[in-house]
Amino acid sequence: MTLTVSAVIATYNRGPELRIALTRLMNQTTPPMEIIVIDDGSSDGTGAMMRAEFPTVRYVRQPHNGGLILARNFGFVNTTGDCILSVDDDSWFEEPDGLARCVAHLERNPEVAAVACNIETRDGLVYFPKGAAPFDVPWYVGCGHLLRRSAVEQVGLYMPELYRQGEEKDRCLRLVGAGYRVVALPDVMVYHDKSEKGRKPGMERFYNHRNDLIREVARCPSPLMAWRLARSWAGNSWKNLRHGPRLTDLKVLLALPQILRIGLRHRAPVSVEAYNRWLHLAKTAAPASAPPAETMAAETIVSRAASRPVAAERPSPARSD
């Protein structure tokens, strides 16, 4: 059975970048059967560009800025493909058959709910060892992944309250809990131009910390809850401190009532076995962490070690069978 693909791109004030992303996507050897662009309230002329240059692409402009996650949920429920491709408005496949290879992997492996493409950023970071065989990972990266619709329908949409970050981790934990696999395809490269427009480091740190806690409250099995909340708080606090004195922890502390309210509203814990498996993958195979030495050439290790950011809870990944 040939799986059909719908592509969802959320955008906000990145018209020039979006033009490149759409052009590259439409030039794939097997392009999506439909593309929807959700404009999260842009004021830079994105709408005029879309109407003039991409009349065959479905363009929806939200009346206000509701956040990336709300836009992606909207795209999912308003498309019909068997698979949902997500790329950012500043990311694209490096090779013309990238999407076709992602689809082929899902067709061959019905237990796989999502494939994570290998992300290469403008600063030289490569998330997975190029040329490695596919292996299980704890989550995909928002700017380059393909989802099986039936699996997502089983576990549900993104939590809209997360607003802008951490939604991939929560969904993939639910997919693992439902018995699915999330698999990295290291030979399918997506280039992330990583536009600086709309990126605010302080806001990113806050939402990373806040949303990790929400996920723990919502998904962590009760016997592990106290330890995981403490571990999540300590790990994110340490990462925040490394960037110098910040008010992030204080803001998260003030947000604790909201964090508990959101987490409990969505509480649907996975099994202890599934949670421990996901934790193992998070420690050994998370995107952007260094792979085991035997999977890549020495010069690649040196290059990635010099360029990758330090990440808590991300030691060297081991391939999962």
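Start with what sits over helix α1: the cover on its buried residues includes β1 (5–11), β2 (34–39), α2 (46–53), β4 (83–87) and β5 (91–93). The residues being covered are Gly15, Glu17, Leu18, Ala21, Leu22 and Leu25. They span an arc of only 150° around the axis, so they end up on the same side of α1. As for the helix itself, α1 runs over residues 15–26, twelve residues, and its first and last C-alpha atoms are 16 Å apart, close to the 16 Å expected at 1.5 Å a residue. Keep in mind that this is a predicted model.

In α4 (residues 98–108), the buried set is Gly98, Leu99, Cys102, Val103, His105 and Leu106. Looking down the axis of α4, these residues fall within an arc of 155°, so they line one face of the helix. That face packs against β1, β4, β5, β6, β8 and β9 (181–192). Helix α10 (residues 256–265) buries Ile259, Ile262 and Gly263. Their arc is only 95° around the axis, which puts them on the same side of α10.

| α1 | Gly15, Glu17, Leu18, Ala21, Leu22, Leu25 | 150° |

Now for the core. The largest nonpolar core has 88 residues, and Leu22, Met50, Leu85 and Leu146 touch the most other members. Strand β6 (residues 112–121) supplies the largest share of this core, seven residues. Take Leu85: beyond its neighbours within four places in sequence, its contacts are Val5, Ser6, Ala7, Val8, Leu25, Phe93, Leu99, His145 and Leu146.

Helices also meet each other. Helix α3 (residues 68–77) packs on helix α6 (residues 167–177) at an angle of about 50°, and their axes are 11 Å apart. That angle makes α3 oblique to α6. On the α3 side the contact is made by Leu68, Ile69, Arg72 and Asn73, and on the α6 side by Glu167, Glu168 and Arg171. Apart from neighbours within four places in sequence, Asn73 is in contact with Leu157, Tyr158, Pro160 and Arg171.

Over in the loop between β7 (135–136) and β8 (144–148) you'll find Cys143. Its relative accessibility is 2%, so Cys143 is buried. Leaving out neighbours within four places in sequence, Cys143 is in contact with Arg72, Ser86, Val87, Asp88, Ser91, Ile119, Val190 and His192. With Ser91, the sequence separation is 52 residues, yet the C-alpha atoms of Cys143 and Ser91 are 6.2 Å apart.

Stepping back to the whole chain, there are twelve helices and nine strands. Of its 321 residues, 54% count as buried. Among contacts between residues at least 6 apart in sequence, 80% join residues at least 24 apart.

Terms used
Residues numbered from 1 in each chain as written. Predicted model: local features only at pLDDT ≥ 70, side-chain atom pairs only at ≥ 80, totals over all residues. Heavy atoms only, no water. Helix = DSSP H or I, 4+ residues; strand = E, 2+ residues; numbered from the N terminus. Expected span 1.5 Å × (residues − 1). Buried < 20%, exposed > 50% of the residue type's maximum accessible area, 1.4 Å probe, protein only. Arc of directions from axis to C-beta. Contact = heavy atoms within 4.5 Å. Core = buried A, V, L, I, M, F, W, Y, C linked by side-chain atoms within 4.5 Å. Axes fitted to C-alpha atoms, helices over the stretch in contact; angles between N-to-C directions. Parallel < 35°, antiparallel > 145°, perpendicular 65-115°, else oblique.
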